[in-house]
Amino acid sequence: MTVHMKRHGDASDGTEAVGGRLSRVDGPAKITGAAKYAVEQRLDGLAYAVLVESTIAAGKVRSIDTDAAQAAPGVLKVLTRDNIPPLKTASDWLGTPPPDAPYCPLAHDITFSGQHVAAVVAETFEQAVAAAALVKVSYDETPAIVDLSDAKAGDGIPIDAMTKEWGDAATAFAAAPVRICAAYNTPREYQAPMEPHGLIARWEGDQLTVWEPSQWLDGMARTYAEWFGVPFENVRLVSPYIGGGFGSKALALGHGAVAAIAARMLERPVRLVMTRPQTFTGYGGRAATRQTVTIGADADGIIQSIVHRGVNETSIDGMWVEPLGSTTSIMYQTPNFSSRQNVVRVNSVVPGAMRAPGENPSAFGIESAIDELAYEVGIDPLEIRLRNYAEQDPHAKKAWSTRQLREAYAAGAERFGWSKRSPEPRSMRDGNQLIGWGVAAGTYPVRRAYGEAMVRILADGSVEVESSSIDMGQGTYTILAQTAAETLGVPADNVVVKLGDSRFARAGVTGGSRLAGVMTGAVHKAASAALDELVGLAISDQRSPFHALQANTLVVANGRITSPRGEGPEVSIAELLASVGRDRIEAKGDTMPANSTAEERYKNYTTIAMALPHTEGDYSRYSWCAHFIEVRVDEDFGTVRVSRVVSALDSGRLYNPKLAESQWKGGIIMGIGQALLEEGIVDRRHGRIVNNNLADYLVPTNADIPDIEVISVGIPDPHSSALGGKGVGELAIVGVAPAIANAVFHATGKRIRDLPITLEKLI
Amino acid sequence: MTSKTRIPIQLQINGHRHELEVEPRVTLLDALRDHLDLTGTKKGCDQGQCGACTVHVDGERVLACLTLAVQAEGRAVTTIEGLAEADGTLHAVQAAFLEQDAFQCGYCTPGQIMSAVACIREGHAGSDDEIREYMAGNLCRCGAYPHIVAAVRQAALEVAS
């Protein structure tokens, strides 16, 4: 369909340049229903697969009776461990060579409730659903470790790589005049993207095409290729739009293997989409965590020592480490520090990445604890943060590349009206509502990587950008159009950005808030090369109208080429290309070192092993933020409402403030959910998540969210990215939950150290 | 269930008549997405909890995942694909969603927009709090809520004028 719309900004007001507030270029497709998400492709002969999952948390499958399902109308195949070909174990996301062992995505040994044990493929979705209910699985059940508080769970395994220590934290703590010590817990939380995980898999010979929502096409293609023992080039991932990921769509998962196996066995394309309940066990959410934070300080609230111990859950046979000391170790100037971490195996799916893994729960601990210290010594919670401000990275002992946190505190406090805060708990109220004001800071490292992009200037003067990176709502389509437009001197309207196809220029993972910095750099480099070639042709080609001018350079602006001083002709890019007999200029640019080998390039895009440390060289690179939050707590019922949020954030230079503000607000809203609503509840008899749906696992609704004000305090950071930006997507969730917990304490005098803060904890 | 148990139905969708043969248990949502290739209506939970599948049936917002296709026979169904005018002119709510950046991933967006159109028509867009309440059945995990409220507020004014 043709979409006619008012243009939102043009080149004349700077909207289209990098840093301009251009509306989403993929917006028209999304608001008209024209945007086709991965599993919405229409394919001839499509068959439908539905998963059958374990109903016990530990034990073995004794038998699977598939007779009734196999005989049901329309059923093409019932897959179990016994009738599918084994795959090869794939390497992990670091590229670690895998054990030479078979991999089977349908389980026999059960280690968690909800594990895939069978799948039914049928001619229609309805037939597959009906037949899946006829699969009868019997088990030999053994006792399960249901969660961290299970008596069988134990203390877990020390993760030495997480240990961070300097000074003598224990001695300094013992000697400190003011000492606080508290334990902070966060529950299992779930990414819950609105688009469930799923895929369509199709084989043509030994070529596999997978239409699947993906935060990492090249990484997932690598896994599929290794599973099936086919060359990487034989696997094509297609993921044009992604209906939310939040960390959960970066890796190829068991259900994907099941669908691809079914497609190969049936020689038909197969669609498999998880049901919403299956999304709670088909992959991992955020691990449940426990932390103790002890702070020793002097009477003025100056920190002398922090001792931090953390625990997160992992699965019986998988390893997930949620780095709980990450924020703890860098937020405040600390002469003595000790952080250690264990992981504990429980009968759960292996946990995974969810928006700011590590920094988020870490901040709940330290940013609650510093608030407790503020009350202990009688200092304003904002003032104590400034007194302990880290002027350099206390752990890496390096200068910050940029740290606008002091500016964030100032701007947020000013806008929020923090100076009007009455310091005593329970001292502010509005009728029956106790009012509390809380503050907390957040941070997220700048994760950097090498990137690649293809930029083409076409015969009509339009520009095409291609990358196998993706847009799950962060605005990749838009900011890459802006980057190419600004670099080449064309209107953003003339740039078409194509993403989400692994046949395009390669891209690493879209995770850790790295994509924008990586890809704007790559597109800038490729577009610069294309521009150089264009201008070079215009100057030196004998057929060019500029040839006689003998200019050193030319200016390209708004799609037209002129000489810097204005003499000579003015021609469009299309006219110039026609005059020199070219139908296109094509430049593939990447930011890898020039002598990189093909193997290094493959490794760079299909693993995370070549990511650049955020403390590389002379600087420590982080984004920063400060949240100021007002809550209203009903004195009788203990219900908590967030009534006001002002957050000031330092993400460096913003490539598109309109879209960055949306991501920040989204992070804050997910943080409100984390603080007040979100908790995976385990049925202790069966080790099962009982609230595995969107009515019982509560995510924020529109009615839960007030207006939110975000303020950008960032400045361009040349050490963090080519164009000066730092991470945006994960930063804003970090610190929201402690800001709310701190506000709840101010309102009620009750310190809640277990998330979520639900009413029964307050009355 | 064999193909003999398929039944012919006629659906009136976005002003066009569609004839199809489906099993009686096919939901309106799956009929739209899998049988008619109208994939703008999204499946987020398939159990009436998220609102991504919101469409209009005879002008009222309903959840297509909790509606059987046969129940929509003889009624006028409007989906996101039918909201803009025939010449492509966007509905005021669609334009406001784009201007206010009231979405990120876009997956809940068709449902949000269909709900918003009905919310305004129902007279429930009188204040920001009222919009929040009457848009609370449509979840958005990206957290576009403040911008959705702004878009509905803006569109309500435009529709009224």
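## Two domains in chain B

In this predicted model, the C-alpha centres of domain 1 and domain 2 of chain B lie 22 Å apart. Domain 1 of chain B runs over residues 3-82, and domain 2 of chain B over 92-160.

Where do the two meet?

Chain B has an open sheet of five strands, ordered β2-β1-β5-β3-β4, with mixed pairing. At its edges stand β2 (16-22) and β4 (60-63) of chain B; each has a single partner strand, so one side of each is left without a neighbour in the sheet. On average, neighbouring strands here are turned by 40° against each other, ignoring direction.

Take a look at β3 (residues 54-57) and β5 (residues 76-78) of chain B: they run antiparallel and are joined by two bridges. For B:V57, the bridge partner in β5(B) is B:V77. Helix α3 (residues 109-121) of chain B lies across β3 and β4 of chain B, at about 40° to β3(B).

## Over in chain A

An unreviewed UniProt entry annotates residues 32-143 of chain A as "domain: Aldehyde oxidase/xanthine dehydrogenase a/b hammerhead". That span of chain A is 12% helix and 35% strand, and its end C-alpha atoms lie 51 Å apart.

Technical notes:
Residues are numbered from 1 along each chain as its sequence is written. Chains are lettered from A and ligands numbered from 1 in the order in which they are written. This is a predicted model: local features need pLDDT of at least 70, side-chain atom pairs count only at pLDDT 80 or more; totals for chains, interfaces and linings use all residues. UniProt positions are given in the numbering used here, feature names are shortened, and annotations may be inferred rather than shown by experiment. Helices (H or I, at least four residues) and strands (E, at least two) are DSSP runs, numbered from the N terminus. Two strands pair if DSSP finds at least two bridges between them. Axes are lines fitted to C-alpha atoms, for helices over the stretch in contact, and angles run from 0 to 180 degrees between N-to-C directions. Two residues are in contact if their C-beta atoms, placed from the backbone, lie within 7 Å. Domain bounds come from an automatic or database domain assignment.
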